[in-house]
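Here is a friendly walk through one protein model, from its ring contacts to its sheets and cores. Please keep the structure open beside the text.

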Amino acid sequence: MKKYDYLIVGSGLFGSVFAYEANKRGKKVLVIDKRDHIGGNCYTKNEDGIVVHVYGAHIFHTSKLDTWDYVNNLTPFKPFINSPIANYKGELYNLPFNMNTFYQLWKVKTPQEALEKIQSTRVDYKDPKNLEEQALKLAGKDIYEKLIKGYTEKQWGRDCKDLPSFIIKRVPLRMTFDNNYFNDTYQGIPFGGYTKLFEALLKDIEVRLNIDYFSNKEELDSLADKIVYTGPIDAFFNYSLGKLEYRTVEFKNERHNIESYQGNAVVNYTDRETPWTRIIEHKHFEGNITDFTIISKEYSIAWDESKEPYYPVNDEKNSTLFNKYLELTKDTPNVIFGGRLGQYKYYNMDQVIEVALDVVNKEFR
């Protein structure tokens with residue numbers, strides 16, 4: 001008889017939710033993580049009174065009350081509305097694209113004036129062949145050149161003419177003066193940071209940090225009846241079919257002895273020349289009161305095995321390769337693959353939780 005019912009590889013949202021639910025059902029669980037902390041990329045830490053989102057800003061948002069209640073029953077959330085600002089060569093614009101943005105671009109004051117201006121700048125491609133053509137068709141030249149082109153090229157590391165059109169399926173154009181980035185009913189951040197959420201999920205569960213699964217795979221596999229794997233699916237199969245592509249993010253933190261650096265939690269830099277994609281000022285997420293501030297400049301860079309993968313590149317080539325790896329999972333019935341990396345899909349946090357709970361319900365029905 002093995003020591004554990006489940007070995008869970010990775011303490012991010014999928015792994016931690018599965019561990020919590022399995023533990024509630026009386027299963028013996030071991031969670032391992034190669035990092036020195038729990039929470040994956042949602043990890044936060046308190047630095048002299050400021051809660052820092054170590055791997056980038058995370059704002060929880062959902063329109064499902066049961067999902068909102070699920071996280072709030074673990075730790076209380078502070079309401080937070082994400083209202084980012086775009087900085088294009090020193091010009092400031094509200095995001096998402098709304099009447100405030102259109103006034104800043106063209107001085108239009110009514111939705112009808114805005115619609116007419118957008119329509120006058122659109123380019124009518126009948127069959128857009130790349131992201132640039134698709135964006136020009138949907139949003140027009142002014143919005144594309146100032147608020148989409150540079151940011152997108154930095155995010156993907158490619159010219160917009162070299163990106164497929166389906167990446168930008170639609171451009172949300174709001175005809176209201178509403179700077180709320182998300183449309184969801186419930187939006188917020190845990191009081192004290194996301195680590196509080198993971199501490200609640202993993203309470204009374206055995207967790208081992210600084211453990212590299214692949215360095216000890218045979219020994220670790222022998223400990224449990226089943227494996228829940230949340231790392232890159234191609235790495236699990238030793239890249240036998242080739243490597244999937246990811247984008248990753250590099251952070252450069254700065255501490256400034258002023259009360260506020262930019263006056264907002266998130267400022268996107270949408271020109272191509274500025275090397276970072278955005279600046280996060282952490283204290284504005286929770287309104288931390290300090291006489292100094294901490295900012296993080298984010299740089300979107302190419303991924304290699306020495307870096308943490310962040311975003312799957314869900315283009316046609318990579319989706320085809322992922323489906324081939326998915327076929328291989330049929331030969332590993334004792335392994336559950338989950339999360340952004342295990343399922344090679346860009347999930348929001350609420351979606352990860354909902355998928356994890358679906359897997360739990362199927363596993364324990």
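The table sets them side by side.

| Charged residue | Ring | Distance to ring centre |
|---|---|---|
| Lys297 | Trp276 | 4.1 Å |
| Lys252 | Tyr299 | 4.9 Å |

This is a predicted model, in which local features need pLDDT of at least 70 and side-chain atom pairs count only at pLDDT 80 or more, while totals for chains, interfaces and linings use all residues. Residues are numbered from 1 along each chain as its sequence is written, and side-chain values use heavy atoms, with hydrogens and water left out.

Trp276 also has an aromatic partner. Rings of Phe, Tyr and Trp (its six-membered ring) pair if their centres lie within 6.5 Å, and planes under 30 degrees apart count as stacked, over 60 as edge-to-face and the rest as tilted. The count comes to 29 aromatic pairs. One of them is the edge-to-face pair of Tyr269 and Trp276, at 5.8 Å centre to centre with 75 degrees between the planes. Both Tyr269 and Trp276 are buried, where buried means under 20% relative accessible area, exposed over 50% and partly exposed in between, with a 1.4 Å probe and protein chains only. Elsewhere, Tyr213, Phe214, Tyr229, Phe236, Phe237, Tyr325 and Phe337 make up one aromatic cluster.

Helices (H or I, at least four residues) and strands (E, at least two) are DSSP runs numbered from the N terminus, and two strands pair if DSSP finds at least two bridges between them. Strand E11 (residues 224-229) runs parallel to E17, joined by 3 bridges. What is the order of the 5 strands in this open sheet? Reading across, it is E10-E2-E1-E11-E17, with parallel pairing. Strands E10 (206-209) and E17 (335-337) stand at the edges with a single partner strand each, so one side of each has no neighbour in the sheet. From one strand to the next, the twist averages 20 degrees. Helix H1 (residues 13-24) packs on this sheet, touching E1 (4-9), E2 (29-33), E11 and E17, and its direction makes about 165 degrees with that of E1. Contact here means heavy atoms within 4.5 Å; axes are lines fitted to C-alpha atoms, for helices over the stretch in contact, and angles run from 0 to 180 degrees between N-to-C directions.

A nonpolar core is a set of buried Ala, Val, Leu, Ile, Met, Phe, Trp, Tyr and Cys residues joined through side-chain atoms within 4.5 Å. The largest has 42 residues, and Ile8, Phe18 and Phe285 are among those with the most contacts inside it. E1, H1 and E2 are among the elements that each supply at least two residues of this core. A second, separate core of 25 residues includes Tyr4, Leu7, Ala224 and Tyr246.

Strand E7 (residues 85-88) is covered on both faces: Ile85 and Asn87 on one side, and Ala86 and Tyr88 on the other, are all buried. E7 pairs with E8 (residues 91-94) in the antiparallel sense over 4 bridges, and with E13 (residues 266-269) in parallel through 3 bridges. Finally, a cis peptide bond joins Leu95 and Pro96, with omega about -5 degrees; Pro96 lies in the loop between E8 and helix H3 (99-106).

Methods
A charge sits over a ring if NZ of Lys or CZ of Arg is within 6 Å of the ring centre and within 35 degrees of the ring normal.
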